Amino acid sequence: MQRLDLSRAKWHRSRRSSATGQCVEVAYVGQVVAVRDSKNPDGPKLLFTRHVWASFIRTLQDGDSTLG
């Protein structure tokens, strides 16, 4: 698998993030969505296709009870 260069990624944090910094950050890079822990920006990142990420967000917005 080819590595994705995230060195110039513009990371975004939700406006609903905790004041204590307990949140994730998201970057849109081409057709990939990268997700990282805001407390550990140099740590591992999760990568999703835009389609999968959009489906995940829709599921959260719909209040799908199978997520938790």
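The largest nonpolar core comprises five residues, namely Leu6, Ala9, Trp11, Ala27 and Ala34; such a core is a set of buried (under 20% relative accessible area, 1.4 Å probe, protein chains only) Ala, Val, Leu, Ile, Met, Phe, Trp, Tyr and Cys residues joined through side-chain atoms within 4.5 Å. The model is predicted: local features need pLDDT of at least 70, side-chain atom pairs count only at pLDDT 80 or more, and totals for chains, interfaces and linings use all residues. Residues are numbered from 1 along each chain as its sequence is written, and side-chain values use heavy atoms, with hydrogens and water left out.

- Leu6 touches Trp11, Val29, Ala34, Lys45 and Leu47, not counting residues up to four places away in sequence (contact: heavy atoms within 4.5 Å).

**Strand pairing**
- Strands are DSSP runs of E with at least two residues, numbered from the N terminus, and two of them pair if DSSP finds at least two bridges between them.
- Strand 1 (residues 12-13) pairs with strand 2 (residues 24-29) in the antiparallel sense over two bridges, and Arg13 has Glu25 as its bridge partner in strand 2.
- Six bridges join strand 2 and strand 3 in the antiparallel sense, with Val35 in strand 3 as the bridge partner of Val26.
- Strands 2 and 3 form a hairpin with two residues between them, and Gly30 in the turn has a positive phi of about 60°.

**Loop residue Ser38**
- Ser38 lies in the loop between strand 3 (32-37) and strand 4 (46-49).
- Ser38 is buried, at a relative accessible area of 13%, and its side chain reaches the backbone oxygen of Cys23 at 3.0 Å.

Methods: Helix = DSSP H or I, 4+ residues; strand = E, 2+ residues; numbered from the N terminus. Buried < 20%, exposed > 50% of the residue type's maximum accessible area, 1.4 Å probe, protein only. Polar contact = N/O pair within 3.5 Å; in protein donor to acceptor, adjacent residues only side chain to side chain.
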